[in-house]
Amino acid sequence: MATTVVAEDTARARSRLGDRVFSRLALSAGIAILAALAAVFIFLAIEGIPGLAKPAEFYGDASNFWGYVAPLLFGTVLAAIIALIVAVPLSWGIALVVSHYAPKRVATPIAYVIDLLAAVPSVVFGLWGISVLAPRLTPAYAWLDENAGWVPFFAGPASTTGRTILTAGIVLAIMIIPIITAISREVFAQTPRLHEEAALALGATRWEMLRLAVFPYARSGMVSAVMLGLGRALGETMAVAMVLSAGGGISFNLISSTNPASIASNIASNYKEGTPGKIQVLIATGLVLFLVTFLVNFAARWVVQRSERRLAR
Amino acid sequence: ASNETGDTGTDSGSSETSGLSGDLNGAGASSQEKAQGAWATGFQGMNDGNVTVNYDPVGSGDGRTNFIEGGVSFAGSDSYLNDDEGELTAAKERCNGEDPIEVPAYVSPIAVTFNLEGVDSLNMDADTIAQIFDGKITKWNDPAIAEINADVDLPDTAITPVHRSDDSGTTKNFTDYLGKASSSWSYEAEDAFPVKGGEAAEGTSGVISAVSGGDGTIGYADESQVGDLSVVSVKVGEEYVAPSAEGAALVVEASPAAEGRADVDMAVDIDRTTTEAGAYPVVLLSYLIACQTYEDQAEADLVKGYLSYIVSDEGQQAASEEAGSAPLSATVAEKAQSIVDAISAG
Amino acid sequence: MAKSITVDDLDIYYGDFLAVQGVSMTVKARSVTAFIGPSGCGKSTFLRSLNRMHEVIPGARVEGKVMVDGQSLYDSAVDPVAVRRQIGMVFQRPNPFPTMSIYDNVLAGNRLNSKKMKKAEADDIVERSLKGANLWNEVKDRLGKPGMGLSGGQQQRLCIARAIAVEPQVLLMDEPCSALDPISTSAIEDLIHELKSEYTIVIVTHNMQQAARVSDETGFFNLKAAGQPGHLVEFNSTQKMFANPDNEATEAYISGRFG
Amino acid sequence: MAKSITVDDLDIYYGDFLAVQGVSMTVKARSVTAFIGPSGCGKSTFLRSLNRMHEVIPGARVEGKVMVDGQSLYDSAVDPVAVRRQIGMVFQRPNPFPTMSIYDNVLAGNRLNSKKMKKAEADDIVERSLKGANLWNEVKDRLGKPGMGLSGGQQQRLCIARAIAVEPQVLLMDEPCSALDPISTSAIEDLIHELKSEYTIVIVTHNMQQAARVSDETGFFNLKAAGQPGHLVEFNSTQKMFANPDNEATEAYISGRFG
Amino acid sequence: MSTVTPTTPVRPRSEAVSFTAAKLPRFAPALVAVVAIAAAALPVLFMGAGAITWAVLAGIVYLVALPLWARAVEGSRGATDRLVTGLVWAACAVAIVPLVSLLWTVVDRGLPAINTTFLTFSMYRTDLDQEVGIYHALIGTLLITLFAALISVPIGIMAAIYLIEYGKGNRLARWITFLVDVMTGIPSIVAGLFAFALFILLFGPSTRMGFGGSVALSLLMIPIVVRSTEEMLRLVPDELREASYALGVPKWRTIVKVVLPTALGGIVTGVTLSIARVVGETAPLLLIAGLTTRTNFNVFAERMTTLPVLIFTQNANPGIAETPGGIRPGIEIAWGGALVLIVIVMLLNIVARTIGAIFAPKTGH
Ligand SMILES: Nc1ncnc2c1ncn2[C@@H]1O[C@H](COP(=O)(O)OP(=O)(O)OP(=O)(O)O)[C@@H](O)[C@H]1O
Ligand SMILES: Nc1ncnc2c1ncn2[C@@H]1O[C@H](COP(=O)(O)OP(=O)(O)OP(=O)(O)O)[C@@H](O)[C@H]1O
Ligand SMILES: [Mg+2]
Ligand SMILES: [Mg+2]
Ligand SMILES: O=P([O-])([O-])[O-]
């Protein structure tokens, strides 16, 4: 047994060294992420900035880069918003079923099946979107056009193939459901029993217990989950390219066949036949998307922080 | 995998065995992918499975870039090299200052295909097609269509024109046809479909699904992929011609060479307004791009062997079987053969 | 308005594991009943079965009868939520809601009724409840701060304040003072004394003196052997229990006591 | 092997909040020192500063001196990890490792420090430690089962077993018995008696009798007022403290006692 | 509420509320469901709408009727609870429908393609009549994904450890957290372009290698690993860390031996999720990993085909059917490949869950 608090030098050195090495490793991993991101940004900037100011013929109908990218950006954001509106409530619903509503016997298979969804390749989502989902939605779009045509979103004319931005949004939603669900259900399930029981013992119904004990505890995880889903929705390439009938300009009409493309799908569609100049333009749009995710995350963080501050009063 | 052992395919039926070995890498037009698969198979069989041909179907533009940068030994491209962005010059540089070889390899008719309940076939002239895709004709029973198809009972369905959403050689060839053969198409021939609106779909298979997924749809796609869908017979001279391999090959043969090209460059400007009987001018012509000399003997042998197999009767027949393309006509094939046979190391 | 509770041959399970076996007793209205017994004998488990908190653990269930003022607690028509509202509970470990302020923690139960409360009324409830739990003076200046920033004992008193804020009929307390110092303990005991004129109170405690001081009746639980289910050895008036218990085991446990 | 601890004018902060102010005392080697005082007065905080556990809370820091056998604990050359290995700690709330079995929980301190042990040796440590914590009989048949499956009291005894398994020089205990029943408490107190011949023991307790029974010296902490930092009111031999304290406040606290 | 003076302690409510008074009968949900289905059948019968409309209408009727009834009997709290319960299950059902449709489509179209040849042959042929398979793409997918995981899992987990255990709240950590979120938005095609440009720059223009694909996929994986791991580490109670520190365990060992095992279940879920996320990626791989018909076991040299790329290219250029109107060979390969891909991830999931279950915190008996 050691006689001094400052234990034998070797032991101390060992533990100190272990701690130093480990914390350095952790730090380097964090910095590696920053470096990777910086590298991507620099790459986009170097290859893309010349694409900002090309002669007008590089920008199709538009006369300059901003005219070219605006509808793409609009399409990206619109599709992602539709996806979030559809996916977030569904995902949280499923996550709650799995963590708090269904008995284990039912919850495990549900969770499992939803996880499978994450595995389906984009291409297959695209194929399914075209061949199964879109035709099923066509009658609904026709109905909306007839009965809700006065709402700008359903102004029509309804697409006869169903390959609209709403369909693309729904496909995106299905793609991000597993991501949002998986993380949400983990954080829901991790709520300490102690807090749940505190709520139940106050005579809370299950829903009230969720509100009192689970949601506050899980909030940061729920936000992360949504942000991950949003990221994927913004950046998804192939499924959107395959499902969306793109080529239109900015329009809030969700059910017509003339829709704005998304930035990522536009890159994928046009990269392959592109000449060097055209590719610079495409990469410049990638740079714009990058900056947009930056801003969206900034905004989300700001909102979260504000609500946390309000909570702390 | 168990099928990759070297001795498979000795009974491939190929008449000659060139005894080459090694890897040959190419990249480019996705339209050629299936045909490349057939060619690679035949070429690998000729060499007893000692050769592997890789073809990345990354798209014509990227294929050309890859070739120019030296990433691949040959490229497949739906359009010939030009100097709008200096690609021709760059390709020349890549080939040690010699003119790059461009030979036609893959010819395929582009079908104008539609899905309209109760109608199996229609005749149209270039003007009508142009106006449909321009959004000027919006109903199937429009007089312009009805006039030509007197014996067809046309419904009052709206027309949904389907075009490619991605940049594509098919679009470029199709719009080139519309621009040259009709008076009502005011857009340039381009990889990107120029008209706003209408339905857009990704890739040939996307167009096919969109056309078959809606009623009153009409689109354009590689004829081999049309399957059960109805096709439009296009007016050539005074006849209405359905898309066919022979018709496509005929047009390529009859088309004038592009101006100011080197001897080894078989780029042609397709004659969209031909009136030759049986010719079908809505065709896609895809080229192979390579160098005349390669520094490495093995690479030169492989490129030479592969390209000459491609333009050979056997190669063209294989592609026709596998991808449904139109075999090159004898004269074109002969000229191409002589060009690729001159590939050497230097 | 307080309730009496009659338990008849109750078996309590965690899945297949029988934790408590064959308990029968009557908890009188407007009195304090204490449960004592060695660790692991099922006191907490039994207590939780009295307001249907037991069943929130997956697989947990009971067999037997619990009657509260003539109503069967485990009747299929009974709403566990209504039960828990009227039979409040304070846990062994303090569990304030981590994201809520002290103020909101106290009001958490009241807010559930989604009654809109006036600010004045809410302030009043908070003050009364915190005073009842002897916490008011310590936190009155930082009601807006998070409840988790308090020391262990403060947190437990906050939980007691939260439980009494909803004005239950019965109050179950699982070792509510085990994390409290004598002054707070004394305040809670005083509070129990005060409350028992109108509430029915059941308290689990390790502190024999506490049981003797605050309770009118005492139940002694024990394990026959390790791994065996716990059972109720003796249930008697506290006086009798501590002076002259019927059962040898009780005597042994109580006389082996100290503290 | 035991150590004496000398504390000199120690201020303890949570960020900007001064929780404990100006404490000076000497904890004798091979003796039991008890800290008492009302909830929130900083007993736990002070205890945690004695083995540098305080500093694991972000923003937490101390000012002043703590000397262990003449070595300054907060010297920059001192490795807090080495400190904690030799100055063990048992917490107010039981916290067994949820991923580990009972067996592994007891051995955690040894195993996590990557000591290689023979099976027999390990078995021996587990048995001795669990016996020391009076838990052996209850768990000896399910050593492979998870530690979290035990009742609250059992869990706490498991934590005590885990702490003594690494054979520290000093043992800090923060209300180790607050979740224990009298029998277990008694066992722990016996254990403390046994251990003090070789260890230095510091114990925080709410139970005045316990302090009186087990400790040689007692420190009384108090708050001047709510929101004010805690401070050490009196530090004296337990005998004197309970019979005839120097300080009025101490007298008031101790005589206001019960339990 | 009684009007007591502020200093009087709280008293029980004077009104005694019965435990049973206000509750819908047990069979209420079932009854409402039956009624809703019947009610929704009316417009279906008269207006000739389809089964989907019927299901949707029935769902809406149920979600309105049951809470309304509960509101009348149980009051607003009960109604809200029932509404939420209904909504939550409805969400589940609604999400399951497309999933089942999707899986069904894949199984239905993919199953006919699958046989031993399909699984053990590559697409390398020397004769057009030879049979082909996806073995080469299977190997490619497994290797490229494996290497992507080898890059991202350590970096992701270590970065999360930095964020939670070391960086807590400091400026660098805040930036990393923020930028990780930004990273989730990198489109896969951009990741591919980046990896392509990077490898061309490093190794010359003819570079094609599977590892390049791994690097591109890592860019997509890392943020998911970091974010999910971070959430799980955050949930590990500080008490456990303190218990370990108090035993004289150094911080790094505490993290490795106590914190990580406690969070392992969630971390494994996150990693599996991230793998599932990238295993189906097409865009980045076509550029840098290329396409070949042969099996390549070396991720550091030469082209490598992956399943998604194969599916994509086969679908884009499916060739011509042997018999007119038959299934095109490429389409069959594409769906077969998709089915295999899903099965792979399914197996992966099972493995991950088993690992998670073995190491998950054990709370029960
Ligand atoms: N969630 C649970 N799952 C399974 N068994 C449990 C659970 N909680 C407690 N037990 C077991 O039930 C028995 C009774 O436990 P209980 O917590 O009721 O004891 P207790 O008398 O309250 O002990 P203590 O005084 O230590 O709190 C014990 O054997 C315990 O291991
Ligand atoms: N993590 C923390 N952050 C900020 N303040 C804290 C923290 N922990 C405790 N405090 C404050 O420090 C003071 C002393 O708390 P401490 O837990 O040391 O009291 P205690 O004497 O141990 O009380 P108890 O007997 O209830 O355990 C209290 O005012 C408490 O609110
Ligand atoms: Mg208990
Ligand atoms: Mg304390
Ligand atoms: O062959 P495409 O360029 O039309 O895809």
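This is a predicted model: local features need pLDDT of at least 70, side-chain atom pairs count only at pLDDT 80 or more; totals for chains, interfaces and linings use all residues.

Colleague: How do you know that chain B and chain C are not in contact?

Modeller: Contact requires heavy atoms within 4.5 Å. The closest C-alpha atoms of chain B and chain C lie 49 Å apart, and no contact joins the two chains. No contact joins chain B and chain D either, where the corresponding separation is 44 Å.

Colleague: Which chains have the most contacts among the eight pairs that touch?

Modeller: Those are chains A and E. In this pair, 92 residues of chain A are in contact with 87 residues of chain E.

Colleague: What makes up the area buried between chain A and chain E?

Modeller: The two chains bury about 7,800 Å² between them, with 78% of it on carbon and sulfur atoms. Helix 1 (residues 9-48) of chain A supplies the largest share of the side of chain A that touches chain E, namely 20 residues. That side divides into 63 nonpolar, 19 polar and ten charged residues.

Colleague: Why is the approach of D:S44 to ligand 2 called a polar contact?

Modeller: The criterion is a pair of N or O atoms within 3.5 Å. A polar side-chain atom of D:S44 lies 2.5 Å from an oxygen atom of ligand 2, so the pair qualifies.

Colleague: Where does ligand 2 lie, and how much of its area does the protein cover?

Modeller: Ligand 2 lies between chains C and D. The protein covers 83% of the 640 Å² of accessible area that the ligand has on its own.

Note on methods: Residues are numbered from 1 along each chain as its sequence is written. Chains are lettered from A and ligands numbered from 1 in the order in which they are written. Side-chain values use heavy atoms; hydrogens and water are left out. Buried area is the accessible area (1.4 Å probe) that two parts lose on being put together, summed over both. Helices (H or I, at least four residues) and strands (E, at least two) are DSSP runs, numbered from the N terminus. Ala, Val, Leu, Ile, Met, Phe, Trp, Tyr, Cys and Pro count as nonpolar, Asp, Glu, Lys and Arg as charged, and the others, Gly among them, as polar. A residue is near a molecule or strand if one of its heavy atoms lies within 4 Å of it. A polar contact is a pair of N or O atoms within 3.5 Å; within protein, one must be able to donate a hydrogen and the other to accept it, and residues adjacent in sequence count only if both atoms are side-chain atoms. Accessible areas come from the Shrake-Rupley method with a 1.4 Å probe; for residues, only the protein chains shown count as cover.
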